[in-house]
Amino acid sequence: MAPIRKSFPAKAIALAVCVLALVAAISAQQVRRPARITNTDPQLRLKMYDQHVEMEKVSKFKDEKWQFLGPVNVSGRSTDIAVVAPKGRNYTMFVATASGGVWKTENEGTTWEPVFENGPSTAIGNLALAPSDPKIIWIGTGEANIFRSSQSGVGVYKSVDGGKTWAHMGLAGTNTIARIVVHPKNPDIVYVAASGCEWTTNRDRGVYKTTDGGKTWEKILYINDGTGAIELRMDPQNNEALYAALWQRTRKKWNDPRNEPLSKDNGIFKSLDGGKTWKPVNAGLPEAKFRGRIGLDICQTKPNVLYALVDNYEKAHEATEEEKADSYGVPSAGFIKGATVYRSDDKGETWKLVCPVTPEMKSYMENLSGTYGWVFGQIRVDPNDENTVYTMGLGLNTSTDGGKTFRRLRSSGGDHHALWIDPDNSNYLVNGFDQGLAVSYDKGMTWKPFRDNLPVCQFFNIAYDMGTPFKVYGSMQDHGSFRAPVDLSRGRDRIPAQRFESAPGGEGSNQAIDPSNPNIVYSAGFYGTISRAEYDKPGAAPGRPLSKILLPVQFENEPRLRGQWLAPFILSPHNANIVYHGMQFLFRTLDRGDTWEKISPDLTYNTAAEMGDIPYHTLFAISESPLKYGLIYAGTDDGRVWVTKDGGKAWQEITAGLPYQKWVSRLVASQYDLGTVYMTQNGKRDDDVAPYVWKSKDYGKTWVDISKGIPLGPVNVIREDPVDKNILYVGTDQAVYVTTDGAKTWQVLGANLPSTYVHDLIVHPRDNIVVIATHGRGMWALDANPVNAKDKRRGRFFGN
């Protein structure tokens with residue numbers, strides 16, 4: 001092969017002219033932009049789920065069983081904690097998880113059981129027990145932390161029997177719920193802080209109140225369709241006194257939910273009449289345009305004392321040369337003050353900055369939440385000591401001098417979101433974080449974590465190798481990448497759950513394994529970094545591969561590469577030494593990543609106004625036809641779809657007839673028919689949960705909607721069956737669906753899978769096992785023989 005990216009002969013110049021013409025044509029297409037499809041009607045979403053439940057009951061695959069594969073040694077993000085008091089007379093706790101439902105223990109964590117695992121959303125923002133009757137439990141769906149892996153909700157649910165049964169109690173359009181407060185004496189009086197849609201504006205946000213146990217609701221505090229309630233507290237001595245923190249925010253696909261120049265509605269409000277009237281109480285706080293997310297807490301024994309944790313957008317200093325990129329390699333525009341703690345000693349009438357006021361604390365607090373303070377925003381004050389305060393961020397921090405100085409407590413995890421302090425014994429703490437939950441009996445000096453029995457980890461993806469037994473690989477939110485074998489030695493219906501071990505890659509990484517050598521593992525890390533790891537390379541320690549970074553090098557005059565959080569790459573089905581890697585361009589290597597060539601122009605809209613904190617206008621899906629080398633499809637996060645039939649020499653856009661700028665979540669070039677390609681699109685980032693599933697028989701010239709019969713999205717993945725061309729599998733944010741008749745009808749696959757976010761799915765081509773990676777409930781496996789009858793077709797039983 002000729003040297004690449006070094007010289008420009010006449011043919012290259014001619015090709016460049018063609019590329020420029022193509023770029024001009026691409027730019028011309030940007031003028032006409034139809035409206036996006038956004039905001040699924042919440043009542044329709046509930047009906048969609050009811051339809052799914054009915055499908056599950058009558059599915060011809062309802063008796064097929066999903067088997068939990070693990071991991072049994074990793075947990076996931078906890079968003080809230082509720083403990084039945086007093087401790088000593090019982091040991092019951094409830095934990096809300098980011099996307100794994102609600103779990104309960106009656107023996108202080110020795111064992112856990114899911115008590116809310118089925119519904120149109122199992123993303124939990126908050127939970128609350130009625131102080132007067134702990135059998136009454138409220139949960140608010142939709143995680144309010146709005147990080148990259150947060151999921152939307154459908155309102156509030158209530159249990160009156162300790163979590164055995166649940167009833168939906170309305171507020172379906174609130175999308176995310178930050179706090180629920182139940183009146184200490186009258187459990188029918190409940191307040192809800194709703195922060196609203198994550199990606200779009202909506203009117204179902206603010207503070208709500210019910211006086212009849214949730215039968216009816218009144219919106220008692222509302223500013224506008226872009227400002228929601230992110231915190232709510234009640235005075236323990238005057239139950240008519242409420243404090244609410246409002247947050248004006250909308251997340252964009254290219255920007256995290258940061259303050260904007262017109263932000264003016266962020267602040268604290270107070271009511272003295274149960275929410276009938278409110279007044280702002282922001283004296284002493286930063287200007288409204290600098291106030292980001294605000295966390296609040298009130299001292300239970302001295303309720304005149306309140307604390308506010310403000311994500312402060314006042315500029316602290318410019319970035320130094322060493323600070324030009326954040327922890328994910330994204331360029332930094334400088335540093336804001338970030339976490340700042342204010343104290344009020346007069347019930348919120350005035351506030352005083354207590355931290356940071358010294359140079360040491362300024363540096364400490366700037367780094368308390370990293371570059372994403374909107375994810376945290378939680379503060380707690382000891383119910384028995386108004387001068388002991390805890391703040392949550394990357395770590396769990398404590399102050400014993402009224403918030404003037406903080407130090408980090410050694411804990412069992414990172415990225416902290418929840419803390420419960422025993423009102424009868426301040427030494428007893430329960431802490432929730434991205435890796436699960438932990439209990440301390442000595443005020444945070446030591447911790448007892450729960451990882452092995454709270455299986456709520458959040459996978460982004462799945463890959464497999466061709467070893468015996470085959471291994472599956474995946475990356476988990478805030479954990480890294482892991483792998484485990486799928487052990488069929490006991491039978492296809494007795495696959496054991498596994499301890500997962502570390503694997504190449506980071507917390508947001510796709511993987512691909514050389515099909516001829518399972519010791520060679522490729523992985524893409526944050527925003528498009530890519531590497532090759534070799535377990536059997538000379539010099540590699542046992543179980544520790546040697547790795548090489550493979551990211552294509554850009555020349556000085558070339559635009560900065562943009563890669564998605566999970567940047568796509570694939571190994572060619574024709575030659576495993578050939579790798580395709582997607583940024584805004586498609587790159588190809590013929591030598592396992594040692595050298596690269598760019599084989600496409602920028603395939604995205606490349607809109608300057610939509611370039612921000614996080615990479616956008618990037619490739620997200622790539623597929624090469626198993627039937628023809630060089631027949632490649634590429635899809636972008638901004639909704640463009642392309643095909644090349646000649647290995648990248650010429651590209652044709654095939655977006656006609658598709659919804660505008662809808663995220664392309666998967667492309668699959670058929671292994672059966674040369675011109676057939678399947679595609680899914682995902683509307684999550686438009687607050688759109690409709691299913692988008694497409695098929696083309698003419699290389700993408702025309703698309704046919706094949707989603708009819710799939711009630712509920714968003715859709716994350718589609719796969720062809722390795723045996724039967726008429727069988728397709730689809731993974732959504734609800735379940736797995738399968739068709740055996742070429743998408744004329746769809747069935748729910750298996751009836752025992754909890755409602756879960758199926759982010760990825762594979763069907764092992766040799767062993768005929770379906771394995772799914774879920775974002776909230778780990779990995780699960782299912783025997784595909786009853787679906788495609790592979791064992792009967794070949795006359796033997798596979799996998800034993």
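Biologist: Is N73 buried or exposed?

Modeller: Buried means under 20% relative accessible area, exposed over 50%, and partly exposed in between, with a 1.4 Å probe and protein chains only. N73 has a relative accessible area of 15%, so it is buried. This is a predicted model, in which local features need pLDDT of at least 70 and side-chain atom pairs count only at pLDDT 80 or more, while totals for chains, interfaces and linings use all residues. Residues are numbered from 1 along each chain as its sequence is written, and side-chain values use heavy atoms, with hydrogens and water left out.

Biologist: Where does N73 lie, and which residues does N73 touch?

Modeller: Helices (H or I, at least four residues) and strands (E, at least two) are DSSP runs, numbered from the N terminus. N73 lies in the loop between β1 (67-70) and β2 (78-83). Contact means heavy atoms within 4.5 Å. Not counting residues up to four places away in sequence, N73 touches R451, D452, Q498, R499 and F500.

Biologist: Which residues does A172 touch?

Modeller: Leaving out residues up to four places away in sequence, the contacts of A172 are P42, Q43, L46, G153, V154 and G155. A172 is found in the loop between β9 (167-168) and β10 (177-182), and it counts as buried at 8% relative accessibility. From A172 to E610 the C-alpha separation is 30 Å, and the two are 438 residues apart in sequence.

Biologist: In which element is Q681 found?

Modeller: Q681 is found in strand β47. At 0% relative accessibility, Q681 counts as buried. Beyond residues up to four places away in sequence, Q681 touches L658, P659, K662, W663, V664, S665, Y692, W694 and V715. Q681 and E198 are 483 residues apart along the chain, and their C-alpha atoms are separated by 19 Å.

Biologist: How should I read backbone angles?

Modeller: Most residues other than glycine have a negative phi, and most peptide bonds are trans. In this model, N606 has a phi near 55 degrees, a positive value in a residue other than glycine. N606 lies in the loop between β41 (597-598) and β42 (619-624), and at 39% relative accessibility it counts as partly exposed. D687 is not a glycine, yet it has a positive phi of about 55 degrees. D687 lies in the loop between β47 (677-682) and β48 (692-696), and it is buried, with a relative accessible area of 8%.

Biologist: Which peptide bond is cis, with omega near 10 degrees?

Modeller: That bond runs from C355 to P356. P356 is found in the loop between β21 (352-355) and α3 (359-366). The peptide bond from G713 to P714 is also cis, with omega near -5 degrees, and P714 lies in the loop between β49 (704-705) and β50 (715-720).

Biologist: Which residues touch the most other members of the largest nonpolar core?

Modeller: A nonpolar core is a set of buried Ala, Val, Leu, Ile, Met, Phe, Trp, Tyr and Cys residues joined through side-chain atoms within 4.5 Å. In the largest one, which has 24 residues, I268, I294, L296, A308, W351 and W374 touch the most other members. The elements giving two or more residues to this core are β15 (242-248), β18 (291-298) and β19 (306-317), and the largest share, four residues, comes from β19. A second, separate core of 20 residues includes I462, M476, F482 and I762.

Biologist: How many helices and strands does the chain have, and why is the chain described as compact?

Modeller: The secondary structure comes to five helices and 56 strands. The radius of gyration is taken over C-alpha atoms, and the globule rule is 2.2 Å times the number of residues to the power 0.38. For this chain the radius of gyration is 26 Å, close to the 28 Å that the rule gives for 800 residues, so the chain is as compact as a globular protein of that length. Buried residues make up 63% of the 800 residues.
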